[in-house]
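I opened this entry to look up a site, its surroundings and the packing around it. My notes follow.

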Amino acid sequence: MARILVADDDVDIRELVEFKLSTLGHEITAVADGAAAVEACQAARPDLAVLDVMMPGVSGLEAIRAIRADPGLADLPVILLTARAQESDVESGFDSGADDYITKPFSPRELAARVEALLSRSV
């Protein structure tokens with residue numbers, strides 16, 4: 001079982017991700033924006049973070065940069081989950097430090113598989 005942070009301003013998507021990952025036995029912390037995501041990571045380091053890119057206030061890209069700048073979180077596995085599907089968006093996501101990039105609409109089963117793969121690599 002891993003501790004996973006989920007940050008998405010869309011309640012339905014946040015709850016879907018939370019439900020799917022919790023059915024795999026993971027402990028989920030869900031927040032609605034990037035600032036809360038960074039604070040939650042600093043308060044109790046998760047094993048993995050799933051961040052939306054487009055959130056009010058602090059975006060997912062800004063949040064991942066803050067996470068990468070924190071020495072205690074710099075190696076935290078991060079998946080970006082976003083509707084931004086242009087090649088330049090994907091590139092900027094990886095440039096910001098993402099370990100994986102999943103575009104919406106997404107398959108919950110694929111998300112679960114990618115989470116499990118990333119967790120197995122980071123152990």
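I located Asp52 in the loop between S3 and H3. The model is predicted, and I keep that in mind throughout. I then checked the record. UniProt lists Asp52 under "modified residue: 4-aspartylphosphate", in an unreviewed entry.

Next I asked: is Asp52 buried or exposed? Its relative accessible area is 4%, and the cut-off for buried is under 20%, so Asp52 counts as buried.

I listed what Asp52 touches, skipping neighbours within four places in sequence. The contacts are Ala7, Asp8, Asp9, Gly60, Leu81, Thr82 and Lys104.

I moved to Leu51. With the neighbours within four places again left out, Leu51 is in contact with Leu5, Ala7, Ala37, Gly60, Ala63, Ile64, Ile67, Val78, Ile79, Leu80 and Leu81.

I looked up the cores. The largest nonpolar core has 21 residues. Leu5, Leu51, Ile67 and Leu80 have the most contacts inside it. Two or more residues come from each of strand S1 (3-7), helix H2 (34-43), strand S3 (48-51), helix H3 (60-69) and strand S4 (78-82). I also found a second, separate core of 17 residues, which includes Ala2, Val6, Val50 and Leu111.

Last, I took the helix pair. H2 and H3 pack at an angle of about 20°, and their axes are 8 Å apart. Angles under 35 degrees count as roughly parallel, so I log H2 as roughly parallel to H3. H2 passes H3 in a right-handed crossing. I noted the residues that meet: Gly34, Val38 and Cys41 from H2, with Ala63, Ala66 and Ile67 from H3.

Note on methods:
Residues numbered from 1 in each chain as written. Predicted model: local features only at pLDDT ≥ 70, side-chain atom pairs only at ≥ 80, totals over all residues. Heavy atoms only, no water. Core = buried A, V, L, I, M, F, W, Y, C linked by side-chain atoms within 4.5 Å. Buried < 20%, exposed > 50% of the residue type's maximum accessible area, 1.4 Å probe, protein only. Helix = DSSP H or I, 4+ residues; strand = E, 2+ residues; numbered from the N terminus. Contact = heavy atoms within 4.5 Å. UniProt positions renumbered as here; feature names shortened; annotations may be inferred. Axes fitted to C-alpha atoms, helices over the stretch in contact; angles between N-to-C directions. Parallel < 35°, antiparallel > 145°, perpendicular 65-115°, else oblique. Left-handed = near helix turned anticlockwise from the far one by under 90°.
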